[in-house]
Amino acid sequence: MHAPTTDPLRDPLQRERDHLAASRAALRAMREDVESLDLRDVTGTWVSAAVLQNQIDARIAALADLAHTPLFFGRLDYLHAISEALAEGGTGEQFYIGRRHVHDADGDPMVIDWRAPVSQPFYRASRTEPMDVERRRRFGYTGGELTAYEDEHLTDPAEAETTSALLAAEIEKPRVGPMRDIVATIQPEQDEIVRADIGGTVCVQGAPGTGKTAVGLHRVAYLLYAHRERLARTGTLVIGPNSSFLHYIEQVLPALGELDVAQATVQQLVAHVEVRAEDPAESARLKGDARMAEVLRRAVRAGIALPTEPCVVVRGSRRWRVPVYELVEIIEELKSREIRYGAAREALPQRIAHAVLLKMEQGGEAPDDRVQDAVARNPQIKAVVKECWPPVDPAKLVHRLLTDAEFLAACAEGIFAPEEQAAIRWAKPGRSLRTAPWTAADAVLVDEATDLVQRTASLGHVVVDEAQDLSPMQYRAVGRRCSTGSATILGDLAQGTTPWATASWADALHHLGKPVAHIEELTKGFRVPEEVIEYASRLLPAIAPGLAPATSIRDTPGSLAVSHIPDGLVDSLVEACRKSLAHEGSTGLIAADDRIPLLAEALAEAGLPFLDPGTETSAEVRLTLVPASLAKGLEYDYVVLDEPAAVVAGEPDERTGLRRLYVALTRAVSGLTVLHAEPLPEQLRAR
Ligand SMILES: Nc1ncnc2c1ncn2[C@@H]1O[C@H](COP(=O)(O)OP(=O)(O)OP(=O)(O)O)[C@@H](O)[C@H]1O
């Protein structure tokens, strides 16, 4: 890295600072231009003026110069001039890369958006493939001030490959507050996923801390840039495992200038009924099984009946008769077509009316479309529809399936064995639909039934994080929300902790309805130090035998301490938290869920203020008490892990327990302290 010298003419750092100052001034001018727009001349009504004003306000907000997010973080010096199309309207050989586009008064770019084609070599160019880049420069900032830069001369054979000190500094920056963007340091293998084509679905298997979440969010930002109009129409959605996690990631996209991305958990997507109960593991697994889809399909169609009487329509002085066999033909034809139950129900009266119309024509009349519509509304026809294709209320239907043993048996015949059916049914049905003991898995069934009746609207792109925990039925629920778009599926099979956790990505993609997706693997870890990831990886043969252990980009000796504390474990934990808090950044005390109250009390007694994982850490309170079940996806500079054996015992089976432990062991950025009174699980014992 280069430190500043004092002569501004000879000092390249000073020149870069000057460019920063000029870019900031240009951004200010861009903002002032928008602020000074006078709407009076261009808009007709106050409504359109208000709409336009909103857009302008959003643009002004987007043009804000944020003190702590540097306007540019890199520079590319090309060997040859780049075409204007690639360079966002600019020409030349030198480009500054930043979070947003900034241009000067003549419209020439001063900073290029990181997502533009010309910026791509910043992330991908290498010595073996320099992509016409002579020099790549990375900038270092301290508190918003440009303080350093680092150069790579990609075409200079004499220069040796080094790891970037700025990248290491970025990763080691203390973690306080929500997740940050990684736009300045996206790695080549990550960039390939970020910029993958919108047409296909990408599935990423990645060990802990390999940047799956970060990559997924940057991919959304990239797609919004590259396909803005299309996605503005169709929408994008990020799905995460729980609200603490969504809260942790919610600032990343706004920091990248993208405000219009929805975030939800799967439960929120399928909130058709109020969840008031929990399933035993086996029932939940069966309800999440893809076989349920066929049971529901049969259930939805169970009410379809064939008519036994002709339909007689009276118009004026004449009567028109559609015989039974014709009605049967119409219904059979609709049944055989792959259209939604509700769409078929809407088509049925029109089909019968059409049959009446043909008879009217044969009878010498000349009816038009309006007559057909009127006939379709005839009470006789409505009566046939009601009897033969009755309306279906999805929640009521699922309620019936879960309470009426005979109905379930009829729909699940040959699909679920009787004992499986018994596990699917509610043990104690509530009295009404509203007070029924709906579980999270039941809500997914209602969602499937809803989609069988009426097609679910699809978004343009959906990102699913921690996808390994979804059941096949949940994959289907997500899949119908991107049936006409694409998806990014992120997960780690070794971190699957639900009873129905994904065993293979090919299965998951099949249930999602995207069987031909690319599966990429990320193994280079950016969070966990080498020593810690090696320790955690001892569990891999037991929890996910086929997976390669992650490597770490940081080899920080002393980052792991494991101690046996036969007496006074709680006091030692409090002490370990205190010690961790003596360092900069955040500390997480992770423990089995049922030990949380005990530890909460101990921390309170010791006068150590702490937060729960849904609350952001701040400079004042940097300690979070984390139940193991909520640790997934989160990270802390220092982690103190309480009693691994209890974390394992907190799950219904050993493999899930060890997976939960693997998650807990892989949350630390700088240091992990493991304290235990009981013996460690054998996989972790010293070898
Ligand atoms: N290219 C990068 N440059 C700097 N930091 C990075 C980079 N990639 C990832 N990180 C950081 O590494 C940490 C882990 O990233 P992230 O949470 O996205 O990993 P993950 O694969 O989703 O992990 P997990 O499986 O534990 O959920 C984050 O702090 C992230 O900002």
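Mentor: Helices and strands are here DSSP runs, numbered from the N terminus; a helix has at least four residues and a strand at least two. Please bear in mind that this is a predicted model.

I begin with the ligand. The shell around the ligand comprises 22 residues, and those that come nearest are Thr-185, Gly-211, Lys-212, Thr-213 and Phe-526. Two helices, α4 (165–172) and α6 (212–226), each supply at least two residues of this shell. The largest contribution is that of α6, which gives three residues.

I turn now to the backbone. Most residues other than glycine have a negative phi. Met-131, although not a glycine, has a positive phi of about 55°. Its place is in the loop between α3 (120–124) and β5 (133–142). Met-131 counts as partly exposed, because 15 other C-beta atoms lie within 10 Å, whereas a buried residue would need 20 or more and an exposed one 12 or fewer. Asp-132 likewise is not a glycine and has a positive phi, of about 70°. Asp-132 is placed in the loop between α3 and β5. With 15 C-beta neighbours inside 10 Å, Asp-132 is therefore also partly exposed.

Conventions: Residues are numbered from 1 along each chain as its sequence is written. This is a predicted model: local features need pLDDT of at least 70, side-chain atom pairs count only at pLDDT 80 or more; totals for chains, interfaces and linings use all residues. A residue is near a molecule or strand if its C-beta atom, placed from the backbone, lies within 6 Å of it.
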